[in-house]
Amino acid sequence: MSVMNPADNLPLPPMALSRWGTESEARDLGEGVRGLLRDVLGVTAESGLRFDPAAVTASPSRLTDSDLAELAGVVGRGDVSTDDAQRLPRARGKSTPDLLSWRLRPDVVCPDAVVAPRDDDEVAALLDWCGIEGVAIVPFGGGTSVVGGLTPDAGGHRAVLSLDLAHFDSLESIDPESGEAVLGAGLTGPRAEELLAEHGFSLGHFPQSFPYATIGGYAMTRSSGQASAGYGRFDEMVRGLTVVTPVGVVEAGRAPASAAGPDLRQWLLGSEGAFGVCTRVRLRVHPAPDTVRHEAFRFPDFSTGAAALRAVEQQGTGPTVIRLSDETETAVNLATATESIGTESIGTESVGEQADGAGGEPGGCLCLTLFEGTAEHTRSRNAETRDVLLAHGGTPLGAGPAEAWEHGRFGAPVLRDALLDNGALVETLETATDWSNLSALRDAVAQALTTSLEASGTPALVMCHISHVYPTGASLYFTVVAGQRGEDPVEQWMAAKRAASEAIVGAGGTITHHHAVGVDHRSYLEAEIGEVGVRMLRAVKHAVDPHGVCNPGTLIP
């Protein structure tokens with residue numbers, strides 16, 4: 001079988017195979033951090049797993065020349081490829097198991113071809129072809145999934161396509177009067193902000209994956225951005241969306257509010273391509289802010305800080321961003337030092353030193369706040385929030401720590417790459433629960449992670465922060481650092497992740513707050529939504545995807 005050359009019109013995903021971001025973004029650790037890894041975790045750069053590009057082997061495409069000719073007839077020859085250079089970047093996501101697998105498992109199961117349609121009709125034609133020919137299809141946006149959502153699972157079909165949404169990359173319309181915009185599903189976060197800024201607007205959705213994730217990816221995973229306190233989760237921004245299913249196109253969402261039966265948007269948001277392909281999203285946007293104000297605070301302990309955040313949210317003082325790091329995350333300065341990973345400063349300058357300069361005490365928990373809007377509005381909301389935080393035991397630290405966080409807030413994944421290269425095991429997971437259950441859930445997850453990793457022969461550093469708050473509860477985002485142990489650190493982490501997931505379910509948390517279900521969380525979904533809920537999902541899946549070609553193995557238990 002012949003192999004098609006790289007498609008003329010098909011862009012390569014920008015991120016490097018074995019790391020987050022591009023090769024130019026890669027940065028090494030300073031000697032001080034390497035010393036800490038050596039002394040505390042017993043790992044070094046020499047013990048770390050290294051990626052060997054020469055060892056990578058892509059699975060051969062199972063598509064015939066006739067298949068490829070038919071696909072080219074749908075999207076054009078320049079937008080279909082079986083070249084390894086195109087298939088490999090779309091074979092795995094960006095979880096720690098994904099990144100370690102490039103080092104440990106260089107024989108890569110790839111999608112059999114990459115196709116890039118340009119409109120809804122071409123998407124529909126591809127889905128028709130897949131149903132007739134028995135070929136699965138996996139939508140691809142920015143490639144940032146950390147839960148196995150991009151795994152090219154053929155689901156019993158003879159092959160699987162990666163459907164790249166790169167050509168759905170325009171600001172299709174904007175309604176300044178209503179404050180709405182229609183964005184193509186393939187637009188990245190930064191490009192969407194650039195296009196909206198030309199009209200004086202902003203979406204204000206800034207998840208950790210912002211540099212690479214796409215509008216469609218946000219919708220299909222029910223993403224939550226760092227400014228969710230001010231602008232809401234992404235699903236709250238969605239006024240409407242277009243999803244092309246194998247049986248037709250769904251246009252969900254019409255009026256600002258409706259009682260016309262169940263909201264179909266909620267059936268589609270978070271569906272991860274299991275029901276069809278999202279091609280555009282109609283979103284609430286807001287005028288680009290005139291000013292931004294920053295202020296940081298120190299709390300003596302996590303429970304005191306959490307109570308303060310609860311008071312802020314329930315009183316409705318209106319910060320755009322509010323975050324609280326626990327004592328461990330604060331002590332290693334992870335909250336603000338991601339820009340310092342190549343220097344000696346990370347891990348050596350604690351917020352306690354900053355607090356000392358502001359008349360505070362060493363240690364404690366760092367709280368960051370940020371306010372966007374007009375000068376008068378940001379000033380009043382900052383003052384009201386400050387009053388609440390001070391009344392609940394906060395000590396002001398000035399603007400510096402919050403400004404440092406904003407400057408380096410997308411750098412943590414790059415830090416993970418550097419730590420993996422130096423023999424550490426680093427990963428994140430997240431959940432959410434009611435305020436009254438927050439401490440119990442945090443303790444249960446931290447204990448499960450620590451116990452599992454210590455059983456594998458390594459100390460574990462478990463850090464936690466609150467970054468998304470609601471009147472009735474909040475999210476918990478855990479960052480875990482340990483030493484890679486044994487011949488298979490992927491399984492080492494997966495054992496810890498299973499322990500943490502079981503702890504989340506047992507303690508009444510959601511199995512995922514914003515990372516989506518994918519493959520990794522699928523077995524825990526029934527515990528959360530119940531048998532009837534699973535039957536409802538399966539019924540919709542069968543109704544809109546009767547041949548089961550849409551992202552098999554994802555979401556549906």
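**Close-up 1. Helix α17 spans 26 Å from its first C-alpha to its last.** The helix has 18 residues, and its reach is close to the 26 Å expected at 1.5 Å a residue. This is a predicted model. The buried residues of α17 are L438, L441, R442, V445, A448, L449, T450, S452 and L453. Their cover includes the helices α11 (302-315), α12 (327-331) and α18. It also includes the strands β18, β19 (460-466) and β21. After the helix comes G457, with a positive phi near 100 degrees.

Close-up 2. Buried here are P489, V490, Q492, W493, A496, K497, A500, S501, A503 and I504. Among the elements covering the buried residues are α4 (96-104) and α17 (438-455). The strands β18 (424-434) and β21 (473-483) also take part in this cover.

**Close-up 3. The two ends of α18.** Just after the helix, G508 takes a positive phi of about 85 degrees.

**Close-up 4. Five strands form an open sheet.** The order is β7-β8-β12-β10-β11, and the pairing is antiparallel. β7 (171-175) and β11 (248-252) stand at the edges. Each has a single partner strand, so one side of each is left without a neighbour in the sheet. From one strand to the next, the twist averages 10 degrees. Helix α5 (residues 120-133) packs on the sheet and touches β10 and β12. The direction of α5 makes about 45 degrees with that of β10.

**Close-up 5. Strands β10 and β12 pair within the sheet.** β10 covers residues 238-245, and β12 covers residues 277-284. Six bridges link them in the antiparallel sense. In this pair, V238 stands opposite L283 of β12.

**Close-up 6. Strand β6 (residues 159-164) is largely enclosed by the rest of the structure.** Six of its six residues are buried. In a regular strand, side chains alternate between the two faces of the sheet. A159, L161 and L163 are buried on one side of β6. V160, S162 and D164 are buried on the other, so both faces are covered. Strand β4 (residues 113-115) runs parallel to β6, joined by three bridges. V115 stands opposite L163 there. Strand β5 (residues 135-140) also runs parallel to β6, joined by six bridges. F140 has D164 of β6 as its bridge partner.

**Close-up 7. R222 and A516 have positive phi values without being glycines.** Most residues other than glycine have a negative phi. R222 has a phi near 55 degrees. R222 is found in the loop between α7 (215-221) and α8 (228-231). Its relative accessibility is 34%, so R222 counts as partly exposed. A516 has a phi of about 80 degrees. A516 sits in the loop between α18 and α19 (525-544). A516 is buried, with a relative accessible area of 8%.

**Close-up 8. S258 reaches a backbone nitrogen.** S258 lies in the loop between β11 and α10 (264-268). S258 is exposed, at 59% relative accessible area. Its side chain comes to 2.9 Å from the backbone nitrogen of A260.

**Close-up 9. T554 is buried in the segment after α19.** Its relative accessibility is 3%. The side chain of T554 makes a polar contact with the side chain of N551, at 3.3 Å. Leaving aside neighbours within four places in sequence, T554 is in contact with G148, G149, E272 and A274, among others. The contacts of T554 also include G518, V519 and R522.

Methods. Residues are numbered from 1 along each chain as its sequence is written. This is a predicted model: local features need pLDDT of at least 70, side-chain atom pairs count only at pLDDT 80 or more; totals for chains, interfaces and linings use all residues. Side-chain values use heavy atoms; hydrogens and water are left out. Buried means under 20% relative accessible area, exposed over 50%, partly exposed in between (1.4 Å probe, protein chains only). Helices (H or I, at least four residues) and strands (E, at least two) are DSSP runs, numbered from the N terminus. Contact means heavy atoms within 4.5 Å. A polar contact is a pair of N or O atoms within 3.5 Å; within protein, one must be able to donate a hydrogen and the other to accept it, and residues adjacent in sequence count only if both atoms are side-chain atoms. Two strands pair if DSSP finds at least two bridges between them. Axes are lines fitted to C-alpha atoms, for helices over the stretch in contact, and angles run from 0 to 180 degrees between N-to-C directions. The expected span of a helix is 1.5 Å times one less than its number of residues.
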